[in-house]
Amino acid sequence: MTQAPVARRLHPTLTRRGDRYGLLLLLLVFSYVISAFAATKYAGLIQTPLFVVALLLALRTSRVKKRTARIIVTGMLIGTFSAVAFALGHATDIGLGIANVWTGLVLFTTVVVIIRRILSRPVVSLPSIFGAVSAYMIIGLMFASFYAAIERLGSAPFFAHGAPGDTRTFQYFSFTTLTTLGYGDFTAATNGGRAVAVMEALSGQVFLATLVARLVASYRTPPRNGSTASANTGPADTGPADTGPADTGPSIGGREPAAGPAQAQHRAGNPRRGPVTRPAAGRRAPVKWRNAHRREP
């Protein structure tokens, strides 16, 4: 039996292809950096196609049924194209608000797909950790989209004290709320915004205390070649112990050498043949003493 089938049997999810959570995490970081340095109110629309690509990566990794994946992908592509076209065509806060709501729904679907895949894996590996971090980051981006939708679809500004509301500030406020840092430079002014912020803070704490803690505690490294080879080999062939007499050398100084395990077992006797007896014999005199009493010719 080769090493590959053994590794696949021990860690069935480590040898499968398609777990692209590392690439998904890089894509999310890239989208956040773009929005952080983009000084336009259409930065959210720039992020929307990237979020759709993130959903496609999550669907590929989740290994859902082809029919279900096609329905989700078709619906998301049609909805994204319609939302972006409506926002660019009307160029109003209502159009941008609708696009933000759709972006939040796309991100929510992505989070559900990732968590479903992580919980279905029998073995927690490094891609599972990447998937959990990606889901945590997507939650922050999702609430940022909902905050932007509240700002643009509502009649009152979202932030208190007249603070500007754009994609950068919404994402900044979302991640400080998700991680419960609470710097205080941006606070929600309306009751609806405060309620959503409380929901985000609770979601972040529950996510870290349950899913991420469980994954880190159950994390296992992939098996190495040595451990795979040891798993491949069966138990050692232990035959019956040698009960025969051991080869003992000559006595030194009239004393016999210490008896080993085989000698002790031989002296105790074989249970099948009965105890082993030796003829009584006197001790042999030392070699020097015998040579001293020899007669000279």
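**Notes on the predicted model**

1. Ser31 is found in helix α2, where helices (H or I, at least four residues) and strands (E, at least two) are DSSP runs numbered from the N terminus. At 1% relative accessibility, Ser31 counts as buried; buried means under 20% relative accessible area, exposed over 50% and partly exposed in between, with a 1.4 Å probe and protein chains only. Not counting residues up to four places away in sequence, Ser31 touches Gln47, Leu50, Phe51 and Leu141, a contact being heavy atoms within 4.5 Å. The C-alpha atoms of Ser31 and Phe51 are separated by 8.2 Å, although the two residues are 20 apart along the chain.

2. On the basis of the model: this is a predicted model, in which local features need pLDDT of at least 70 and side-chain atom pairs count only at pLDDT 80 or more, while totals for chains, interfaces and linings use all residues. Residues are numbered from 1 along each chain as its sequence is written, and side-chain values use heavy atoms, with hydrogens and water left out.

3. The secondary structure of the protein comes to 11 helices and zero strands. Buried residues make up 35% of the 297 residues, and among contacts between residues at least 6 apart in sequence, 72% join residues at least 24 apart.

4. Helix α3 (residues 43-62) has 20 residues, which at 1.5 Å a residue should span 28 Å, and its end C-alpha atoms are 29 Å apart, which agrees; the expected span is 1.5 Å times one less than the number of residues. Because 15 of its 20 residues are buried, α3 is largely enclosed by the rest of the structure. Just after α3, Arg63 takes a positive phi of about 55°.

5. The largest nonpolar core has 45 residues, and those with the most contacts inside it are Leu24, Leu28, Ile114, Tyr147, Phe158, Phe170 and Phe173. Such a core is a set of buried Ala, Val, Leu, Ile, Met, Phe, Trp, Tyr and Cys residues joined through side-chain atoms within 4.5 Å. The elements that give two or more residues to this core are α2 (21-37), α3, α5, α6 (126-153), α7 (167-178) and α8 (191-217), and α6 gives the most, with 12 residues. A second, separate core of six residues includes Val84, Ala87, Leu96 and Ala99.

6. A nonpolar surface patch of about 480 Å² is made by Phe86, Ile94, Ile98, Val101, Leu105 and Leu153. For such a patch, residues have over 30% relative accessible area and no salt bridge, and nonpolar side chains (Val, Leu, Ile, Met, Phe, Trp, Tyr) are joined within 5 Å, whereas like charges are joined within 9 Å; a salt bridge is a side-chain nitrogen of Lys or Arg within 4 Å of a carboxyl oxygen of Asp or Glu. Helix α5 (residues 93-120) gives the most to the patch, with four residues. Ile94 lies in helix α5 and, at 51% relative accessibility, counts as exposed.

7. Two loop residues deserve a look. His161, in the loop between α6 and α7, has a positive phi near 60° and counts as exposed at 81% relative accessibility. Thr180, in the loop between α7 and α8, has a positive phi near 55° and counts as partly exposed at 44%.

Key:
Areas by Shrake-Rupley, 256 points an atom, 1.4 Å probe, with all protein chains shown as cover.
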